[in-house]
Amino acid sequence: MSSSLKGKKIVLGISGSIAAYKSVFLLRLLIKAGAEVQVLMTEAATKFVAPLTFSTLSKNPVHTEVVSEESWNNHVEYGLWGDAYLIAPATANTLAGMAAGICQNMVQAVYLSARCPVFFAPAMDLDMWVHPATKKNKQTLEGYGNQFIPVEDGELASGLVGKGRMAEPENIIAFLERYFNKTQDLLGKKILVTAGPTYEPIDPVRFIGNRSSGKMGVAIAEAAAERGANVQLVLGPSVLDVNHSNIKIIRVKTAEEMYQASVAVFGEMDAGIMAAAVADYTPQDVSDIKIKKKTPGLTLELKKTKDIAAHLGKEKREQQLLVGFALETNNELENASAKLKKKNFDFIVLNSTRDKGATFGYDSNKITIINNKTERLEFELKSKRAVAEDILDHLVTYF
Ligand code: CTP
């Protein structure tokens with residue numbers, strides 16, 4: 001099968017890390033996949049691997065400085081030429097420079113001039129990777145729409161073991177191929193996704209919860225991220241893990257925490273997708289010690305939680321979109337249509353517990369979309385990931 005990198009123009013920026021030796025293999029794989037590659041190196045990178053290695057393999061001269069002895073290297077030209085700018089390895093220093101908009105060498109200058117999507121494959125020691133300064137720089141760069149190819153776990157050049165290794169060349173290639181395979185129809189859109197159940201505490205050891213696994217919401221977050229969106233995932237207690245550089249995850253437990261987290265970010269969003277199964281009621285009083293079974297019966301007094309979706313529906317500005325879910329056991333269409341209106345959704349995704357293989361805990365789902373134009377779209381039972389793509393396909397028609 002031909003690679004989606006075939007015929008693509010890739011600018012490969014190499015900064016000064018021992019992982020630069022892996023970029024030789026990376027370059028070979030890019031060429032093998034049919035890409036055309038222009039290599040740029042920082043001065044520090046040239047200490048690890050000679051530019052001659054890269055110029056021989058890429059059949060293009062390697063540039064380091066914007067102004068070299070014999071010429072001025074046109075960074076704008078490379079910024080416009082590339083279909084993607086891949087910085088691999090990206091050191092802590094290079095990330096910091098780019099986050100700050102510093103322009104001291106060719107790798108940085110092309111970054112500022114690049115109109116194409118930018119990918120970072122960071123490489124550094126584990127303490128550097130988890131340092132708040134690096135985290136902040138990564139966040140800043142992600143805020144500019146740049147994508148991070150996840151670092152890998154393992155032995156580091158320092159002898160320490162942990163996260164910080166540059167992704168293996170094959171994985172970087174796979175990441176880029178996925179990108180070029182996919183339509184980036186949500187590029188730059190900011191999307192809030194709520195997902196999972198909420199746990200409402202009764203006492204320090206007990207809670208009221210529900211059977212939501214978070215799978216549907218996480219599938220939406222991942223699909224949106226791969227289509228280029230910057231996703232803010234507010235996830236209730238779920239065993240699921242999410243690892244995508246376009247997804248920022250806020251873990252919450254209670255409906256109140258989910259409300260606070262969602263309200264805090266919604267103002268900046270282009271859309272909100274409310275896939276969480278939020279508890280409607282929470283205990284009126286939470287015992288701070290474990291409740292003992294002294295009485296033959298126990299009555300818990302519950303109070304209503306805040307309705308996150310309804311609140312966002314009220315706050316929603318004209319150009320913002322809000323998508324709701326309705327899980328129903330009976331009178332599905334009427335109930336869902338009523339919720340669509342009441343919560344001011346642009347469209348609502350209806351699931352019924354009557355459909356086999358759908359809803360809580362399953363990997364598949366069967367949905368009906370009802371929108372504010374009173375259209376009804378029915379879908380077949382499919383994987384939650386495929387359902388997520390259907391929901392996003394409908395969402396993009398509004399943008
Ligand atoms: N929702 C929410 N906050 C709540 C309750 C619900 O954001 N406190 C959202 C859900 O994420 C979903 C939609 O509202 O997108 C509908 O949720 P659902 O529980 O089906 O509706 P309710 O309003 O709770 O109505 P009911 O329980 O009476 O069916």
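**Pockets, ligand surroundings and backbone features of the predicted model**

The lining of the largest pocket comprises 19 nonpolar, 13 polar and ten charged residues (Ala, Val, Leu, Ile, Met, Phe, Trp, Tyr, Cys and Pro being nonpolar, Asp, Glu, Lys and Arg charged, and the others, Gly among them, polar). The structure is a predicted model in which local features require pLDDT of at least 70 and side-chain atom pairs count only at pLDDT 80 or more, while totals for chains, interfaces and linings use all residues. Residues are numbered from 1 along each chain as its sequence is written, and side-chain values use heavy atoms, with hydrogens and water left out.

The volume of the largest pocket is about 1100 Å³. Among its 42 lining residues, Ala276, Ala277, Val278, Asp280 and Phe325 are the closest to the centre. Two or more lining residues come from each of β8 (190–195), α10 (215–226), α12 (308–315), β16 (321–328) and α13 (332–342). Here a pocket is an open set of points on a 1 Å grid over the protein atoms alone, where a 1.4 Å probe fits, with protein on both sides within 12 Å along at least five of seven lines; lining residues have an atom within 4 Å of a point. Grid points are joined across faces, edges and corners, and a volume is the space filled by probe spheres set on the points. Helices (H or I, at least four residues) and strands (E, at least two) are DSSP runs numbered from the N terminus.

The second largest pocket holds about 700 Å³ of space. Its lining consists of 20 residues, with Trp129, Lys138, Asn243, His244 and Ile247 nearest the centre. Elements contributing two or more residues to this lining are α7 (126–130), α8 (132–143) and β12 (247–251), and α8 gives the most, with five. By class, the lining of the second largest pocket contains eight nonpolar, five polar and seven charged residues. At least three residues are drawn from each of domain 1 (9–182) and domain 2 (190–398), the bounds coming from an automatic or database domain assignment.

Around the ligand are 14 residues, of which Met274, Ala276, Phe325, Lys339 and Lys343 come nearest (a heavy atom within 4 Å). Polar contacts (pairs of N or O atoms within 3.5 Å) include one at 3.0 Å between a nitrogen atom of the ligand and a polar backbone atom of Lys306. A polar side-chain atom of Lys339 is 2.6 Å from a ligand oxygen atom, and a polar side-chain atom of Lys343 is 2.6 Å from an oxygen atom of the ligand. On its own the ligand has 570 Å² of accessible area, 77% of which the protein covers (Shrake-Rupley method, 1.4 Å probe).

In the backbone, Ala88 and Pro89 are joined by a cis peptide bond with omega about 0°, and Pro89 is placed in strand β3 (residues 84–90).

Terms used:
Polar contact = N/O pair within 3.5 Å; in protein donor to acceptor, adjacent residues only side chain to side chain.
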